[in-house]
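Me: I would like to learn how to read a few features of a model. Could you walk me through them?

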Amino acid sequence: MVYKVSNVSPADINLEDHAFRITTTQDKASLLESIEKFGLLQPPTIWPHATGLIVVSGFRRIRACQQLGLQAIPARWVAKDLRPLDCLRMALTENITQRALNLV
């Protein structure tokens, strides 16, 4: 899949839509420290939808960037016409490669 990568304002991303949220763990200080020290190494994935920019993966990263006061962050944009099921598959794939998932 080809992604467009470009900067986006965290304020423009709809963090209230949890359709693709996999992890419910809270932000860790280490994530903030990492982004502050090295920048955002793994851009979040967003889906331009009719209701706004929807997070496919990277909720915690986006929140950390907001807490740090970043005005623009790099993001991977998936195609607007991508099916929601494919977005869910992407979210699962990215999260399962990072940590074990809790099926509950």
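Me: Where does Glu 16 lie?

Reply: A note before that: this is a predicted model, where local features need pLDDT of at least 70, side-chain atom pairs count only at pLDDT 80 or more, and totals for chains, interfaces and linings use all residues. Residues are numbered from 1 along each chain as its sequence is written, and side-chain values use heavy atoms, leaving out hydrogens and water. Helices (H or I, at least four residues) and strands (E, at least two) are DSSP runs, numbered from the N terminus. Glu 16 sits in the loop between strand E2 (13–14) and helix H1 (29–38).

Me: Is Glu 16 buried or exposed?

Reply: Buried means under 20% relative accessible area, exposed over 50%, partly exposed in between (1.4 Å probe, protein chains only). Glu 16 counts as exposed because its relative accessibility is 62%. Thr 45, by contrast, is buried at 1%.

Me: In which strand is Thr 45, and what is its bridge partner in E5?

Reply: Thr 45 belongs to strand E3 (residues 45–49). Strands pair if DSSP finds at least two bridges between them; E3 and strand E5 (residues 73–77) run parallel, joined by 2 bridges. Arg 76 is the partner of Thr 45 in E5.

Me: What is the strand order in the sheet?

Reply: The open sheet has 5 strands, ordered E1-E5-E3-E4-E2, with mixed pairing. E1 and E2 stand at the edges with a single partner strand each, so one side of each has no neighbour in the sheet.
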